[in-house]
Amino acid sequence: MDIPLYIFLIPYGAIIIFIAVWSLFCFYHLVKFGFFDFVGRLNALLFIGLCVIVIGLTIFLLKNVPWLESISSDTLLPGITDVFDPPTNY
Amino acid sequence: MSLFHHHFPGQRPNETIVLFLRRHWIIAFAFVFRLFIMMLIPPIIAGVIYLINPDIEIDQTSGLYILVIELVSIYYLSTFLVYLHSFVDYHLDFWVVTNQRIISIEQNGLFNRTIAELHVEKVQDVSSAVKGKIQTFLNYGHVYIQTAGAIEKFSFDEVPNPSHVAKVILQVHDRMTQQGEFKQHQTHTEHGHTATPQR
């Protein structure tokens with residue numbers, strides 16, 4: 001069975017949306033209950049900044065992936081040298 | 001210092017804030033420290049894998065590469081979200097002592113908020129407790145207020161300098177009580193006989 005690579009984006013996108021919605025709830029509570037003060041703003045900015053960095057790095061690392069291509073389900077996890085084999089070229 | 005140290009939601013026009021309290025900073029430090037530790041875990045794991053096999057390579061068009069990048073991304077985003085959630089929980093817990101009331105606002109998770117209010121005149125007894133080495137060294141602990149109201153016991157959890165807080169609450173209560181006695185005395189003097197003050 002051939003699996004298109006863009007399939008991997010669907011669960012990732014769903015989790016990102018969940019994290020975004022939960023974050024909005026947190027910001028809503030900070031603002032609504034009247035304590036969006038300096039410390040609140042600092043932490044909100046820190047959170048947003050760190051998330052932007054992580055998502056930016058993710059996009060950068062995944063931008064060269066040929067998303068429209070497919071891989072076979074039998075060879076889903078190839079492309080890695082065996083982690084637990086010690087190197088033989090001493 | 002928060003702007004709201006001089007004003008808080010629901011404050012009355014003739015009400016002044018005597019104390020504005022949050023949990024001790026060490027509570028916030030705990031989840032900040034946890035954030036740093038969690039952020040270090042993926043690089044440590046990568047370092048260990050690299051030490052076991054320095055020649056490891058992942059094909060950048062393989063499913064495994066995509067999975068690893070996405071899992072690490074989700075891990076970091078979840079860590080930041082847990083931090084934000086902990087911060088909101090910490091930041092929205094506070095206690096206010098005014099010249100009229102004692103207000104306790106506690107956030108338990110995002111969708112659970114408890115607000116309790118007590119008139120200072122109803123305070124019967126105030127005690128403080130500092131337990132353990134860390135609380136002793138950093139001088140933070142609990143303040144317990146015995147009341148004559150519907151809620152028999154109020155508590156301030158993990159606040160700095162609890163003995164001073166207890167003292168201040170008693171001073172505010174004494175001041176309110178003296179003002180009440182003064183008003184009764186005034187009523188007695190004006191009428192020239194014992195008069196029951198209007199309640």
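The model is predicted: local features need pLDDT of at least 70, side-chain atom pairs count only at pLDDT 80 or more, and totals for chains, interfaces and linings use all residues. Residues are numbered from 1 along each chain as its sequence is written, and chains are lettered from A in the order in which they are written.

Chain B has 4 helices and 7 strands (DSSP runs, helices H or I of at least four residues, strands E of at least two, numbered from the N terminus). Along the sequence they follow the pattern β-α-α-β-β-β-β-α-β-β-α. Of the 199 residues in chain B, 22% are buried (20 or more other C-beta atoms within 10 Å of the residue's own, C-beta atoms being placed from the backbone).

Helix 2 of chain A covers residues 38-62. Its buried residues are Gly40(A), Asn43(A) and Cys51(A). Their cover includes helix 1 (9-32) of chain A and helix 2 (63-91) of chain B.

Those two covering helices also pack against each other, as tabulated.

| Helix pair | Angle | Axis separation |
|---|---|---|
| Helix 1 of chain A and helix 2 of chain B | about 15° | 10 Å |

Helix 1 of chain A is therefore roughly parallel to helix 2 of chain B (angles under 35 degrees, taken between N-to-C directions of lines fitted to C-alpha atoms over the stretch in contact). The contact (C-beta atoms within 7 Å) includes Trp22(A) and Cys26(A) of helix 1 of chain A, and Leu77(B) and Leu81(B) of helix 2 of chain B.

Notes: The expected span of a helix is 1.5 Å times one less than its number of residues. A residue is buried if 20 or more other C-beta atoms lie within 10 Å of its own, exposed if 12 or fewer, and partly exposed in between; C-beta atoms are placed from the backbone. Two residues are in contact if their C-beta atoms, placed from the backbone, lie within 7 Å. Axes are lines fitted to C-alpha atoms, for helices over the stretch in contact, and angles run from 0 to 180 degrees between N-to-C directions. Angles under 35 degrees count as roughly parallel, over 145 as roughly antiparallel, 65 to 115 as roughly perpendicular and the rest as oblique.
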